Amino acid sequence: VTTPPEVARQIAIADGEKPEDLHITLFYFYENADLSEEQRQAIVRLAAAAARQYPNLNIRLHGTAVFEGNEERPLVALVESPSLVEYRRKLAVALDVAGITYSKEHEFQPHLTLKYLNAEPRPAVDMNQEFAVNHLDAWFAGERVPITFGQRLHAHFQRHGRFVARPKAGQIQRRG
């Protein structure tokens, strides 16, 4: 889930992750370059089907934590979002049923990584932001596939190695 640019600029910290890189990871598919085209299309289809059930996701960032036990020691913003947790749970069930493997190494704890501290001391960061997102992005080896909440996804097809969503009848396909 990509952080809206205006929020990302406000919460980015010195020497941390760039504002445009601030996001909440819902799933990690190991080396996603190894996913087959059919698996990628299935992931997008399942994510879009689950997204249709929500008009958006309301996100609240409240406080920070350091994930110790990892030598990179990520400093994270803590995320509170019942709709995000519910969306992820529904998508996890769908992925499991479809036989698509994703990392289950750690229990899902919604967070937004601000900086990797390594040996640095933990900085004092005041985190209290609320925002809504109306889309998320699936990333496959550097390729971004947007998935919009609350809208019907008619068909994904591959053109020139990329996913393209067909617009509803009467809608204009925008490129940018």
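What follows is a short chat about the predicted model shown above.

Me: Before we start, what are the ground rules for this model?
Reply: It is a predicted model, so local features need pLDDT of at least 70, side-chain atom pairs count only at pLDDT 80 or more, and totals for chains, interfaces and linings use all residues. Residues are numbered from 1 along each chain as its sequence is written, and side-chain values use heavy atoms, with hydrogens and water left out.

Me: Great. How many helices and strands does the chain have?
Reply: There are three helices and eight strands. Both are DSSP runs numbered from the N terminus: helices are H or I with at least four residues, strands are E with at least two. From the N terminus the order is α-α-β-β-α-β-β-β-β-β-β.

Me: And what is the strand order in the open sheet of four?
Reply: The order is β3-β2-β1-β4, with antiparallel pairing. Two strands pair if DSSP finds at least two bridges between them. The edge strands are β3 (111–116) and β4 (128–133), each pairing on one side only. Neighbouring strands here are turned by 30 degrees against each other on average, direction ignored.

Me: How many bridges join β2 and β3?
Reply: Five, in the antiparallel sense, with β2 covering residues 74–80. Within that pairing, Ala-77 stands opposite Leu-112 in β3.

Me: Which helix lies across β1 and β2?
Reply: That's α3 (residues 82–98), running at about 100 degrees to β1 (57–66). Axes are lines fitted to C-alpha atoms, for helices over the stretch in contact, and angles run from 0 to 180 degrees between N-to-C directions.

Me: How do α2 and α3 pack?
Reply: At an angle of about 145 degrees, with axes 9 Å apart. By class, their contact has ten nonpolar, no polar and no charged residues. Here Ala, Val, Leu, Ile, Met, Phe, Trp, Tyr, Cys and Pro count as nonpolar, Asp, Glu, Lys and Arg as charged, and the others, Gly among them, as polar. On the α2 side are Ile-43, Leu-46, Ala-47, Ala-50 and Ala-51, which meet Tyr-87, Leu-91, Ala-94, Leu-95 and Ala-98 in α3. Contact means heavy atoms within 4.5 Å.

Me: Which residues have the most contacts inside the largest nonpolar core?
Reply: Ile-59, Leu-61, Tyr-87 and Leu-114, in a core of 45 residues. Its largest share, seven residues, comes from α2. A nonpolar core is a set of buried Ala, Val, Leu, Ile, Met, Phe, Trp, Tyr and Cys residues joined through side-chain atoms within 4.5 Å. Buried means under 20% relative accessible area, exposed over 50%, and partly exposed in between, with a 1.4 Å probe and protein chains only.

Me: What does Leu-61 touch?
Reply: Leaving out residues up to four places away in sequence, its contacts include Ile-11, Ala-77, Leu-112 and Phe-131.

Me: Switching topic: where is Tyr-30?
Reply: Tyr-30 is in the loop between α1 (5–11) and α2 (37–51). With 41% relative accessibility, Tyr-30 counts as partly exposed. Not counting residues up to four places away in sequence, Tyr-30 touches Thr-101, Tyr-102, Ser-103 and Lys-104.

Me: How far apart are the C-alpha atoms of Tyr-30 and Thr-101?
Reply: They are separated by 8.6 Å, although the residues are 71 apart along the chain.
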